[in-house]
Amino acid sequence: MSSKVIADSALRAAVHLRSANLPEKLAKSSAALFSAYSGPKQTLPDLAYDYGALEPAISTETMTIHHSKHHNTYVTNLNAAMEKLDTAVSTGDVSGIIALQGAIKFNGGGHLNHTLFWENLTPNAADPSAALQSSIADSFGDFEAMKSELSAKTVAVQGSGWGWLGYNKSTGRIEVATCGNQDPLQATTGLVPLLGIDVWEHAYYVDYRNVRPDYVKSIFGVIDWTTVEARLAAAKM
Ligand code: MN3
């Protein structure tokens, strides 16, 4: 008979087991029982600024809905999917594992993307440092060339998605990329995310209606370039 090993003595004690070897049936039922409690839960991160702090570029209403409703929903649905995944993995349910991939990519991507996005914004925006401008110039010619390429490609995203500035570890260059839906940059393209711009309509419709180019233009006034610089430095390590 196949069996599952429970190596953790505290866990064995909790279920009154002396042996580390469990019969398969008991292993499956106990895995399902314990899966709801295992693994850390993802949580909605606090913002470093108030919902109204980015006005007029992004309104209080947009920030409130975007963070407390949209992002929160990705977190809730990701946790639910991870709990189901935990059970599917514990019970060796390959079909169940595969069935969860879409929900994990969408909600996990939504959580990762928005967490990066909030950190990219600040009410106290300043020009990028000379060092960052120089790194950007190495890849794009100059800062303005990067900005126009990032803006144009972000505005041109079909449907819902994101525009990104990312670091290519193999070439050592900074690149512009776009992703559809909530596909996360690094898992999808391998680029390390430096700056993300959310162009789902929920990010701008209240403030700019259908005029995405005006939103993308305005968001450059609230970008925290110190975050971009810190992420670039970390990506190069
Ligand atoms: Mn969004």
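This briefing looks at Arg-173 and the strands around it. The model is predicted, so please read every value below as computed from that prediction. Arg-173 belongs to strand 4, which covers residues 173-180. Strand 4 is joined to strand 3 by 8 bridges, and the two run antiparallel.

**Arg-173 and its surroundings**
- Arg-173 counts as partly exposed because 14 other C-beta atoms lie within 10 Å, while a buried residue would need 20 or more and an exposed one 12 or fewer.
- Leaving aside residues up to four places away in sequence, Arg-173 touches Ser-139 and Asn-168.
- Asp-138 is 35 residues from Arg-173 along the chain, yet their C-alpha atoms are separated by 7.8 Å.

**The hairpin of strands 3 and 4**
- Strand 3 and strand 4 make a hairpin, with 4 residues between them.
- Have a look at Gly-172 in the turn of this hairpin: Gly-172 has a positive phi of about 75°.
- Within the pairing, Leu-165 has Val-176 in strand 4 as its bridge partner.

**Strand 3 and its other partner**
- Strand 3 spans residues 161-168 and is mostly covered, with 7 of its 8 residues buried.
- Strand 3 also pairs with strand 5, made of residues 192-198, through 6 bridges in the antiparallel sense.
- To find a spot in this second pairing, go to Trp-162, which stands opposite Asp-198 in strand 5.

How values were computed
Residues numbered from 1 in each chain as written. Predicted model: local features only at pLDDT ≥ 70, side-chain atom pairs only at ≥ 80, totals over all residues. Contact = placed C-beta atoms within 7 Å. Pairing = 2+ DSSP bridges.
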